[in-house]
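Please work through each task before reading its solution.

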Amino acid sequence: MATRSDRRPTTAERDARRRAQLDQLRQATTALLTSEGWQRWLRTRSRFHRYSLRNTLLIAVQCPHAAHVAGFRKWLELGRCVRKGEKAIRIFAPVRYRRRDPDQTDDKEGEQLVGFRLAAVFDVSQTEPLPGAEPAPLEPPSQPVSGDSHAHLLAPLEQHAAMLGFDVQYQPLDGRAGYCSSRDACIVIDSKLPANGKVTTLVHELAHAHGIDYTTYSRAESELIVESVACIVCGSVGLDTSSESVPYLAGWNPDQAAERIKLLAGEIDGVARAIERALEAHRVNPDDDGTRSL
């Protein structure tokens, strides 16, 4: 089993780590300008829906194949140990100050975010089962869009649409899976689709209902955003969309400002989180390791 040194890093070492981390963050943002980099981030974001945008970027650039990450001690609780010599994935973790009040019953009350520190996490591929222990299951198996396994998600998605002021209808459609009409405040889904197909299409159209239209964005940017949202949200609930069209950066010029693509990534992350929250009660979540929601 890997062991950790008790020696605390010096101020110079911590500063060097932070500089290296910020440099990796810049590299990760630049990587979004390539189709490969974009798809790598989408895969990472769908697996780590509780992590912040910048931490999913950092995980994607440091460990592109990451499937489930946790801290050293959390892996022990899950019945696994980090192999000796494995290199940690560095992400940002919040540092909170807790003000003690003897009359306070809720320990979480009074917490204040004071900054961020570098935290070390490891992917499951860097671990092995503890001898004599039964490793805890990490995530449910992925289901195809051709089935009906996720039919129960239609109701919360329809409720989310209603909160946005949209009515969801199911009608026979020819040539398309669904559409969103802002003028009529309705989303129409092809009634002939299987339940899982209805879910993926409804997520796509809900992204449009969040204001991702052809007026605010170009048609190419709008479709990139909504398709990316669908990949992320569906992946996060265990729907395999690999057989569907995977969003890619068609026609993007590497000389275009990185800030523009970063803006789109931020928009995608925000819309995806809104829909994920609507599905939260229906999600099977792996245990939290204390570094999520960063």
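A salt bridge is a side-chain nitrogen of Lys or Arg within 4 Å of a carboxyl oxygen of Asp or Glu. The model is predicted: local features need pLDDT of at least 70, side-chain atom pairs count only at pLDDT 80 or more, and totals for chains, interfaces and linings use all residues. Residues are numbered from 1 along each chain as its sequence is written, and side-chain values use heavy atoms, with hydrogens and water left out.

**Exercise 1.** Determine how many salt bridges the rule gives, and characterise the pair formed by arginine 45 and glutamate 276.

*Solution.* Step 1: the count comes to 8 salt bridges. Step 2: in the pair of arginine 45 and glutamate 276, the N to O distance is 3.0 Å. Step 3: arginine 45 lies in helix α2 and glutamate 276 in helix α8 (residues 258–279), so that distant parts of the chain, 231 residues apart, are linked (helices are DSSP runs of H or I, at least four residues, numbered from the N terminus). Step 4: arginine 45 and glutamate 276 are both buried (buried means under 20% relative accessible area, exposed over 50%, partly exposed in between, with a 1.4 Å probe and protein chains only).

**Exercise 2.** Classify arginine 183 and aspartate 184 as buried, partly exposed or exposed.

*Solution.* Step 1: the side chains of these two residues form a salt bridge at 3.8 Å, N to O. Step 2: arginine 183 is exposed because its relative accessible area is 77%. Step 3: aspartate 184 has 49% relative accessibility and therefore counts as partly exposed. Step 4: elsewhere, salt bridges with shared partners join Arg45, Asp269, Arg273 and Glu276 into one network.

**Exercise 3.** Describe how α2 and α7 pack against each other.

*Solution.* Step 1: two packed helices are described by the angle between their axes and the distance between the axes. Step 2: the axes of α2 (residues 35–47) and α7 (residues 219–236) come within 7 Å and cross at roughly 40 degrees. Step 3: α2 is therefore oblique to α7 (under 35 degrees counts as roughly parallel, over 145 as roughly antiparallel, 65 to 115 as roughly perpendicular and the rest as oblique). Step 4: residues of α2, among them Trp38, Trp41 and Arg45, meet residues of α7 that include Leu224, Cys231 and Ile232 (contact means heavy atoms within 4.5 Å).

Conventions:
Axes fitted to C-alpha atoms, helices over the stretch in contact; angles between N-to-C directions. Helix = DSSP H or I, 4+ residues; strand = E, 2+ residues; numbered from the N terminus.
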